[in-house]
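Visitor: Hi! Could you walk me through this one? I'm still new to reading structures.

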Amino acid sequence: MPFREINSKMVEATVIPGQRLFSQRGAMLAYRGDVTFTPNISGGQGGLMSMIGRRVAGEATPLMTVEGSGTVMFGHGGHHIQVIGLTGDTLYVEADRLLAFDGTLEQGTMFLGSQGGVMGMVRGQVTGQGLFTTTLRGHGSVAVMAHGGVVELPIAPGRPVHVDPQAYVAHHGDVRNKLSTALGWRDMVGRGSGEAFQLELSGSGAVYVQASEEKL
């Protein structure tokens, strides 16, 4: 079920009987109709292993299961909200950035070292993600949070995109990523992340970049 953007900091979702949403705890602003909100302890479609993965990653973001019949308005902390539609591919995003998403999406956890070895793990520390990131796969919509607005940059074969790791929000598609250093290790002392590190994304898909280096 798609999210309707009310403004840059609020979205609305229609809840239909027999279908469900997952939302971050505290994200509900208002609702109409017969809608229930219950704590989710199974980790969404990813089940127990997804939940365990988030605990190991330090991403213990509590989720609420939203069911019933009505409409719900979501927002959190005054953050900018970006709605991303998935058509069978996989979205990679930090758990803390998830505002709400369709219950039809399969949730999982990916070890960053599997996409870049040691530098993948370094990337996790630079971006603040830790050693793991959350994945959502399938057909549906996701509402993610960011600071200062978001721009979607397409990634095409032969045309990689370089991003400041702390401005990175999420990406989807058949995308490979690697973290490179723009300076020597001695020169990085006192430098900002964009001056010291660059996240290169190549392949086919899109990356979402926020207008601020501030973390949630």
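**Rings, cores and charges**

Guide: Let's start with Phe3, which is buried, its relative accessible area being 8%. Buried means under 20% relative accessible area, exposed over 50%, and partly exposed in between (1.4 Å probe, protein chains only). Keep in mind that this is a predicted model, where local features need pLDDT of at least 70 and side-chain atom pairs pLDDT 80 or more, while totals for chains, interfaces and linings use all residues. Residues are numbered from 1 along each chain as its sequence is written, and side-chain values use heavy atoms, leaving out hydrogens and water.

Visitor: Okay! How many aromatic pairs are there?

Guide: The count is 3 aromatic pairs. Rings of Phe, Tyr and Trp (its six-membered ring) pair if their centres lie within 6.5 Å; planes under 30 degrees apart are stacked, over 60 edge-to-face, and the rest tilted. Phe3 and Phe74 have ring centres 6.5 Å apart and planes at 75°, so this pair is edge-to-face. Phe3 sits in strand β1 (residues 3-7) and Phe74 in strand β5 (residues 63-74), so the pair ties together parts 71 residues apart in sequence. Strands are DSSP runs (E, at least two residues), numbered from the N terminus.

Visitor: And Phe74, buried or exposed?

Guide: Phe74 is buried, at 0% relative accessibility. In another pair, Phe22 and Phe101, the ring centres are 5.5 Å apart and the planes are at 35°, so that one is tilted. Phe22 is in strand β3 (residues 20-24) and Phe101 in strand β7, 79 residues apart. Phe22 has a relative accessible area of 0% and Phe101 is at 1%.

Visitor: New topic! Which residues touch the most others in the largest nonpolar core?

Guide: Among its 17 residues, those are Leu86, Leu91, Leu98, Phe101, Leu136, Val142 and Val144. A nonpolar core is a set of buried Ala, Val, Leu, Ile, Met, Phe, Trp, Tyr and Cys residues joined through side-chain atoms within 4.5 Å. Strands β6 (80-93), β7 (98-102), β9 (132-146) and β12 (168-181) each supply at least two residues of this core. Apart from it lies another core of 16 residues, including Val35, Val72, Phe74 and Ala100.

Visitor: What's Leu91 in contact with?

Guide: Leaving aside neighbours within four places in sequence, its partners include Ile84, Leu86, Thr134, Leu136, Val142 and Ala170. Contact means heavy atoms within 4.5 Å.

Visitor: What about charged side chains? How many salt bridges are there?

Guide: There are 4 salt bridges, each a side-chain nitrogen of Lys or Arg within 4 Å of a carboxyl oxygen of Asp or Glu. One of them joins Arg32 and Glu12, at 3.4 Å from N to O. Arg32 is in strand β4 (residues 28-40) and Glu12 in strand β2, so the pair ties together parts 20 residues apart in sequence.

Visitor: Are those two buried or exposed?

Guide: One of each! Arg32 is exposed at 51%, whereas Glu12 is buried at 13%.

Visitor: Nice. Which residue does Arg137 bridge to?

Guide: Arg137 pairs with Glu106, the closest N and O atoms being 3.0 Å apart. Arg137 lies in strand β9 and Glu106 in strand β8 (residues 106-111), so parts 31 residues apart in sequence are tied together. Arg137 is partly exposed at 43%, and Glu106 is partly exposed at 39%.

Methods
Helices (H or I, at least four residues) and strands (E, at least two) are DSSP runs, numbered from the N terminus.
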